[in-house]
Amino acid sequence: MTAVAEALEAADQGHVESHLNPPASYDLADHPVPNGREEVWRFTPLKRLRGILDGDASSDHLTWETTLPAGVTLTEITAEQAVEIGELAPNERPAALAAANSGGAMLLDVPADTVVEEPVVIRLKGSSVDDLVWGRLLYRVGAHAEVTIVLLHTGSARYSAIQSFLVGDGAKVNVLSLQDWDDDAVHLGRDAIRVGRDASVKHTSISFGGDLVRMHANVEYAGPGGEAELLGLYFADEGQHLEHRLFADHNAPKTKSHVVYKGALQGRGAHTVWIGNVLIRKVAEGIETYEENRNLVLTDGCQADSVPNLEIETGEIAGAGHASATARFDDEQLFYLRSRGVSEKEAQRLVVHGFFNDLIRKVGIPSIEEKLLETVEAELAKNVLKELT
Amino acid sequence: MSTLEIKDLKVQVKTEDGPKEILKGVTLTIKDGETHAIMGPNGSGKSTLAYSIAGHPRYEVTGGTVTLDGEDVLEMSVDERARAGLFLAMQYPVEVPGVSVANFLRTAKTAIDGEAPKLRTWVKDVNGVMERMNLDASFSQRSVNEGFSGGEKKRHEIAQLDLLDPKVAILDETDSGLDIDALKVVSEGVNRFREREGKGVLLITHYTRILRYIKPDYVHVFVDGQVADEGGPELADELEANGYEKYLGTKV
């Protein structure tokens with residue numbers, strides 16, 4: 001039997017083998033300790049995870065500081081309740097460990113039909129990389145509710161978290177997760193989103209700090225008509241490993257996913273990884289998906305890995321595409337700007353700002369956009385464009 | 001008072017089969033107040049001349065000189081050339097995502113003048129130019145050339161010409177791809193520039209159409225990397241009637 005025929009047969013039985021996305025399970029035995037050669041681990045320097053992969057339960061915590069607008073509640077729940085509510089089960093070891101070791105979960109609730117004007121802000125701060133912290137968070141947004149959720153990670157820790165976003169029918173949710181850690185932090189994050197019927201979700205992952213950051217953003221659909229926009233921005237400095245893994249699982253008809261991740265790299269040993277997986281199941285007729293990753297290499301000695309994958313089990317779709325580009329400055333852009341009298345350095349500054357502005361203005365959270373522009377500015381000042389500041 | 005003097009300019013580009021000579025000795029002088037049209041068939045090297053003067057890294061100058069008011073242009077970097085008073089309106093303006101037209105124009109103006117323009121007059125100047133170029137108010141907030149129609153790109157080039165106010169403007173096929181209304185708007189923009197004191201214009205075109213709106217003082221026929229013929233505006237009329245066959249024929 002050919003691989004395609006096998007896949008189709010498996011799909012007929014309602015079971016899909018997506019080798020890039022191991023089946024979800026709470027059982028740790030289903031997620032053995034990786035040796036680094038596995039497809040899903042081959043880009044990650046395992047040693048620098050500093051023991052998270054065989055970590056035990058721990059009482060270490062991040063400090064929480066929250067801004068909860070009226071109508072939004074945050075409560076502690078048990079592990080059993082998390083599963084009952086519909087948590088999206090872990091599909092890799094760090095997330096499974098977080099579920100097993102966190103000893104409970106935090107639930108953010110936005111009731112149905114509630115329109116929350118101000119963003120929900122959750123500030124999580126670590127005190128030391130010696131702390132091993134397991135996080136388990138659920139976000140439940142009721143039908144036709146509208147909310148913006150901002151998660152800020154700062155300080156340092158070894159932090160592994162499993163987060164589930166359960167988005168009700170017709171709801172509109174905007175999530176931003178900012179990884180602005182100190183230099184030595186390690187963060188493994190699994191965000192999974194279930195998009196309700198006709199709901200729309202925007203999820204933005206932004207990674208600036210940390211020694212090693214590896215973030216998943218997974219999307220699946222509870223019914224037809226759901227839309228997900230997955231955005232990302234990262235800036236890797238010398239020695240940093242920043243990895244972003246996307247998975248859009250089109251398991252319902254007429255759903256949409258649109259992925260745009262942009263990154264810059266500067267300094268020796270700066271390493272970024274972007275893996276964009278899209279699975280279009282047999283049932284998912286009329287869907288539309290597009291994923292794009294662009295990397296701007298600012299100095300020598302950096303490495304950007306970028307792998308878009310598309311698994312298609314039905315041809316009855318509205319559109320599917322992807323683009324990936326990793327390059328230094330575009331000579332034509334620089335020439336155009338310089339031909340207007342702008343110096344080479346200033347032209348580079350304009351191009352880099354433009355590269356990120358383009359994405360930042362899609363985030364749709366004005367209070368954060370300003371801060372992001374400032375951070376990009378500070379990152380640029382560190383290295384390539386320091387003569388300008 | 002400004003003079004762009006091109007003497008025996010030779011330029012080559014790298015190709016897979018080694019360097020290829022495109023310009024084979026071009027001599028041309030543009031004095032202030034003069035408009036020169038360069039006409040020629042595709043592949044004759046017209047655009048190479050424009051980009052070589054502007055300093056595009058793809059083109060390697062192997063001989064000859066280019067001076068602006070006696071200053072050696074070829075010694076200057078791309079941005080120094082612009083600050084010295086050269087401007088190239090490009091045939092294919094480049095998209096710069098995420099950089100707004102407003103930011104781009106102010107940055108360029110600051111670089112050319114060596115100081116930031118006065119905010120109040122600048123906003124007025126920009127709005128005035130946009131209006132004259134028939135570009136609506138929201139245009140300034142769009143990313144440079146991104147998603148612009150062909151006509152918008154060309155009108156944006158001429159808006160820059162107006163605001164940056166160089167000594168010598170090189171217009172590379174600014175007329176190509178324009179409908180008649182856009183062609184008029186662009187031509188009026190160029191003519192307003194020409195009316196200013198001491199401006200030189202080098203107008204590169206494939207068609208005679210634009211010369212009905214912008215009257216050149218001199219016409220040069222460009223064939224195979226060289227000036228094959230020169231004359232007054234009447235030469236354009238002759239080209240319109242007879243095309244380039246005469247020059248292409250003699251080449252063989």
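How many bridges join strand S1 (residues 4-15) and strand S4 (residues 59-68) of chain B, and in which sense do the two pair? The pairing is antiparallel and runs over 8 bridges, where pairing requires at least two DSSP bridges between two strands. The model is predicted, so local features need pLDDT of at least 70 and side-chain atom pairs count only at pLDDT 80 or more, whereas totals for chains, interfaces and linings use all residues. Residues are numbered from 1 along each chain as its sequence is written, chains are lettered from A in the order in which they are written, and side-chain values use heavy atoms, without hydrogens and water.

Within this pairing, B:Lys10 has B:Gly63 of S4(B) as its bridge partner. The open, antiparallel sheet of chain B contains 4 strands in the order S2-S1-S4-S5; strands are DSSP E runs of at least two residues, and helices are H or I runs of at least four. Strand S2 (18-30) and strand S5 (71-72) of chain B are the edge strands.

Turning to the interface, 35 residues of chain B are in contact (heavy atoms within 4.5 Å) with 20 residues of chain A. Together the two chains bury about 2,100 Å² (accessible area lost on being put together, 1.4 Å probe, summed over both), 64% of it on carbon and sulfur atoms. On the chain B side, B:Val78, B:Asp79 and B:Val94 lose the most area to chain A, together 22% of what that side buries. B:Asp79 also meets A:Arg338 in a side-chain salt bridge (Lys or Arg nitrogen within 4 Å of an Asp or Glu carboxyl oxygen) at 2.7 Å, N to O.
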